[in-house]
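The sequence and the structure are shown first.

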Amino acid sequence: MRGPGDRIVLDIVLLGRGSVQGTVRNRATNQPVPGARVTALSLDDHQEGRSGTTDAQGHYLLSGLVVGPVTVHAARGTGAGFASGRIYRAGETATIDVGLDDGALDIGGKVERLENGVVSPAAGALVVIYYDSVAINWQ
């Protein structure tokens, strides 16, 4: 302020907060997953997130998240999954259920070789897949 009677104009933004709840289930068996670590992240405020653990019925509740789009990640053992949703209004609890892959996956395909314009199966080829920076080899 410069002197008596001067005014300062401020724009103040108040962020509404809400909660997310849901159930974490194994995708293969559809059974609830107790003890899964759950993290909800705001997509509007990248510094905003909450974490918790599912109860015996695979249910979680995380409060105090900024209103707007939310991504929920869940993991237990080798299983992991995520889902997205939205908290529409302050005080609202959005339901975001998460399906957990059990760590097993099916990979299919074929490896072929092109030699002198002829395509043929590449029997015995070494196939390397990287998962979470770890190389997994098949032959």
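## Basis for the burial assignments

A residue counts as buried when its relative accessible area is under 20%, and as exposed when that value is over 50%. The model discussed here is predicted.

## Overall architecture

The protein chain contains zero helices and 12 strands, so its pattern along the sequence is written β-β-β-β-β-β-β-β-β-β-β-β. Of its 139 residues, 28% are buried. Among contacts with a separation of 6 or more, 49% link residues 24 or more positions apart.

The accessible surface of the protein chain is about 9900 Å². Carbon and sulfur atoms account for 51% of that surface.

Thr54 lies in the loop between strand 3 (49-53) and strand 4 (59-66). Its relative accessible area is 5%, and Thr54 is therefore classed as buried.

Two polar contacts involve the side chain of Thr54. A polar atom of this side chain lies 2.7 Å from the backbone oxygen of Val33, and the side chain also reaches the backbone nitrogen of Ala36 at 2.8 Å. Leaving aside residues up to four places away in sequence, Thr54 touches Val24, Val33, Pro34, Gly35, Ala36, Val38, His59 and Tyr60.

## A nonpolar surface patch

Ile8, Leu10, Ile12 and Leu14 form a nonpolar patch on the surface. Together, these residues have about 520 Å² of accessible area.

One of them, Ile12, is located in the segment before strand 1 (17-26). Ile12 is classed as exposed because its relative accessible area is 64%.

Note on methods: Residues are numbered from 1 along each chain as its sequence is written. This is a predicted model: local features need pLDDT of at least 70, side-chain atom pairs count only at pLDDT 80 or more; totals for chains, interfaces and linings use all residues. Side-chain values use heavy atoms; hydrogens and water are left out. Helices (H or I, at least four residues) and strands (E, at least two) are DSSP runs, numbered from the N terminus. Buried means under 20% relative accessible area, exposed over 50%, partly exposed in between (1.4 Å probe, protein chains only). A polar contact is a pair of N or O atoms within 3.5 Å; within protein, one must be able to donate a hydrogen and the other to accept it, and residues adjacent in sequence count only if both atoms are side-chain atoms. Contact means heavy atoms within 4.5 Å. Patches are made of residues with over 30% relative accessible area and no salt bridge: like charges are joined within 9 Å, nonpolar side chains (Val, Leu, Ile, Met, Phe, Trp, Tyr) within 5 Å. Accessible areas come from the Shrake-Rupley method with a 1.4 Å probe; for residues, only the protein chains shown count as cover. A salt bridge is a side-chain nitrogen of Lys or Arg within 4 Å of a carboxyl oxygen of Asp or Glu.
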